[in-house]
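Subject: Structure for your review

Hello,

Here is the structure I said I would pass on. Please open it next to the sequence; my notes follow below.

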Amino acid sequence: MSTILFSKFLETLSQDFIPVIDSKFSKEDYIAIDLSVHNKDLESIDVSSSKAFETYINDFLKKNNAKVAYGGYHEIRGIYRRSMHFNQQNPVTERNIHLGLDIWCDVGTEVLVPLRGTVHSFKNNKNFGDYGPTIILQHDINDVTFYTLYGHLSLKSIKNIKVGQCFEQGDVIAALGDASVNGDYAPHLHFQVIKDMQGNIGDYPGVSNKKELDLYLQNCPDPNLLLKI
């Protein structure tokens, strides 16, 4: 299936907003946030500090009378420069373009399954700045197979889960972890749609460099085509 057809297929799977975190939050509780290199507000905070970043997110939510911040797909970010896992000191190979949708809210917030699926794999990705505990679901719908990734979870989220385990739409699959386990970030969910896992197990790149961007964008369409936040 071509990239265009897959994106159109993904868009048809929902008619309205699908929650991927605690259903107590309505669509009206969400607000888009810009965490790109173009956001001058980020120049005045220490983005290398998860606590400072969490304060920034919380202040942003209060200022805008919102409860959940979201965004980041195809966003060029400077916050990854703190980690050698991403930063290769080269404008072509530095990984700084985000491939998923981030949803920023409180630690411990429940993560929900947006579509029926089975556990493809899971892993604790422990690199500084990485996903931390991660779950990947496989979805088989109308003869189309694709995957969704849930990153920055709590350790408990992957303690008793099993490959092949089935989850129905709306089921609680995990909870958000804190900075001590989630790669040292403010609490949030990294949600990503993946057409082809390309042999990856429990992990898939969530940030690209310029050189490989076209390939990754073709394989990872905008998650909001499905979620419709």
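To begin with charge: the protein chain carries 22 positive and 28 negative side chains, and the centres of these two sets are 3 Å apart. Please keep in mind throughout that this is a predicted model.

Overall form

The protein chain contains four helices and twelve strands. Its radius of gyration is 16 Å, close to the 17 Å that the globule rule gives for 229 residues, so the chain is as compact as a globular protein of that length. Along the principal axes, the C-alpha atoms fill a box of roughly 50 × 40 × 35 Å. Of the 229 residues, 53% are buried. The accessible surface is about 10,700 Å², and carbon and sulfur atoms account for 49% of that surface. Among contacts with a separation of 6 or more, 72% are between residues 24 or more positions apart.

Nonpolar cores

The largest nonpolar core has 37 residues, and the members that touch the most others are Ile21, Tyr30, Ile103, Phe146, Ile173 and Leu189. Several elements give two or more residues to this core, including helix 1 (3–12), strand 2 (68–71), strand 4 (101–104), strand 7, strand 8, strand 10 (172–175), strand 11 (188–194) and helix 4 (224–227). There is also a second, separate core of 14 residues, which includes Ile31, Ile33, Phe53 and Ile57.

With neighbours within four places in sequence left aside, Ile103 is in contact with Val20, Ile21, Tyr30, Val68, Ala69, Tyr70, His188, Leu189 and Ile229. Ile173 is found in strand 10. At 7% relative accessibility Ile173 counts as buried, because buried means under 20%.

His98 lies in strand 3, which covers residues 97–98. Its relative accessibility is 1%, so His98 counts as buried. The C-alpha atoms of His98 and Asn209 are 9.1 Å apart, although the two residues are 111 residues apart along the chain.

Most residues other than glycine have a negative phi. Two residues here are worth a look on that point.

Asn142 is not a glycine, yet has a positive phi of about 50 degrees. Asn142 sits in the loop between strand 7 (132–141) and strand 8 (144–151). Is Asn142 buried or exposed? With a relative accessible area of 63%, Asn142 is exposed, because the cut-off for exposed is over 50%.

His152 also has a positive phi, of about 75 degrees, and is not a glycine. His152 is found in the loop between strand 8 and strand 9 (166–167). With a relative accessible area of 5%, His152 is buried.

Regards

Notes:
Residues numbered from 1 in each chain as written. Predicted model: local features only at pLDDT ≥ 70, side-chain atom pairs only at ≥ 80, totals over all residues. Heavy atoms only, no water. Buried < 20%, exposed > 50% of the residue type's maximum accessible area, 1.4 Å probe, protein only. Rg over C-alpha atoms; globule rule 2.2 N^0.38 Å. Contact = heavy atoms within 4.5 Å. Areas by Shrake-Rupley, 256 points an atom, 1.4 Å probe, with all protein chains shown as cover. Lys, Arg positive; Asp, Glu negative; His and termini not counted. Charge placed at Lys NZ, Arg CZ, Asp CG, Glu CD. Core = buried A, V, L, I, M, F, W, Y, C linked by side-chain atoms within 4.5 Å.
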